[in-house]
Amino acid sequence: MLVCGRKLSEEFEKELNNLTFSHYRCSAHILNLAVKQGMEIVDQEIVEVRQLMSKIKNSVLLCDELRELCVIEKLEYLRPEIDIETRWNSTYYMLCKLQRMETALKMLAAKHDSVCELMPDVEAWTKIKETVIILEPLERATKNLSGSLYPTIADVRFYFNEIRDHLKYCVEREDGFGQYMLAASINEKLKEYWLIIDNNTTISSILDPRNKISLFEPASLPSTSSREYFRQLKKRRIGVTAETTLPPSPSPDFAEIERYLALPCDENVEALLWWQAHSTEFPVLSLMAKDYLAIQSTSVACEQAFSVAGNTITKVRNRLCPETARASLCTKSWIENNIGEQIRLK
């Protein structure tokens, strides 16, 4: 690992000296910071839920009874789990399980005083349900942006725009929504990072044939992809559709980008494959797209790679040379993704 670390350090230093290395903030980390700040408001309720889940999880008797009650109530039994405090999405999953088994849990509490003492009261149940409503879009965005098999940097602006609109809607609701302070706190933290996100994603968003300039002003475009969830969120808030246009540039140097922007957005394409197919038509932009769209919006894929490396370079196998370690990791990745099969079929 020391040799690998030294090699990586040398490569990073070389890239920095050549001014070809740019730092992009991890979008998942930004969302984590924002949610952690907001969840301080419901910290007491989360602690109580954590104690309740721990009580049930550590008792085989209670787990079996809860499973039977779920069968009686025709509910899906979800094994109780305790969240990891440093990972907000694990807290979200814990609250979701609690909410989905609410009826069965109340029946279990009626039979066991030790469980009844830890059950949330009516006010706490309301806070938990409203917290889940607020966090659901953020969990979906985190999961989608953490992918490693498809471009994600161009989606950052789309997801963050929709999340901020969703949080603003929760703050301004007039139907007695009690967790507006939680939504406001998360939105405030996201606002602090918006300038960084804005600068890092402008070119990538424009070079995405699904977006182009539609994300820079309110727009409503037809969608059949995984983005449909966030499109539906917007439809709940507003019913106004708008079309965005970019004024033509007087300079002939912008002819290529004008022709690209003149084409309609296509939600049903893969960005990099689209540019590969149109590389002859847009020679300069296709090269730019290859550079920008290949950037990952989170460090999840990188962290997973290091986790896999930790399973390969162990205490009893710590003298592998860098070339052997790299070959082992690449081979494992290729086998898991059937890359060898794809090459053979070609």
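Me: Which residues is I186 in contact with, leaving aside its neighbours within four places in sequence?

Reply: Contact means heavy atoms within 4.5 Å. I186 is in contact with A34, V35, G38, I134, L135, L138 and L167, leaving aside neighbours within four places in sequence. This is a predicted model: local features need pLDDT of at least 70, side-chain atom pairs count only at pLDDT 80 or more, and totals for chains, interfaces and linings use all residues. Residues are numbered from 1 along each chain as its sequence is written, and side-chain values use heavy atoms, with hydrogens and water left out.

Me: How many residues does the largest nonpolar core have?

Reply: In soluble globular proteins, nonpolar side chains tend to be buried together. A nonpolar core is a set of buried Ala, Val, Leu, Ile, Met, Phe, Trp, Tyr and Cys residues joined through side-chain atoms within 4.5 Å. Buried means under 20% relative accessible area (1.4 Å probe, protein chains only). Here the largest core has 56 residues. L66, I134, F160, I186 and L190 have the most contacts inside it.

Me: Which helix gives the most to this core?

Reply: Helices are DSSP runs (H or I, at least four residues), numbered from the N terminus. Helix α8 gives the most, with eight residues. Another core, of 13 residues, lies apart; A154, Y260, W275 and L285 are among them.

Me: Is E102 buried or exposed?

Reply: E102 is buried, with a relative accessible area of 14%. The residue is found in helix α6, residues 102–111. Leaving aside neighbours within four places in sequence, E102 is in contact with W125 and K129.

Terms used
Helix = DSSP H or I, 4+ residues; strand = E, 2+ residues; numbered from the N terminus. Buried < 20%, exposed > 50% of the residue type's maximum accessible area, 1.4 Å probe, protein only.
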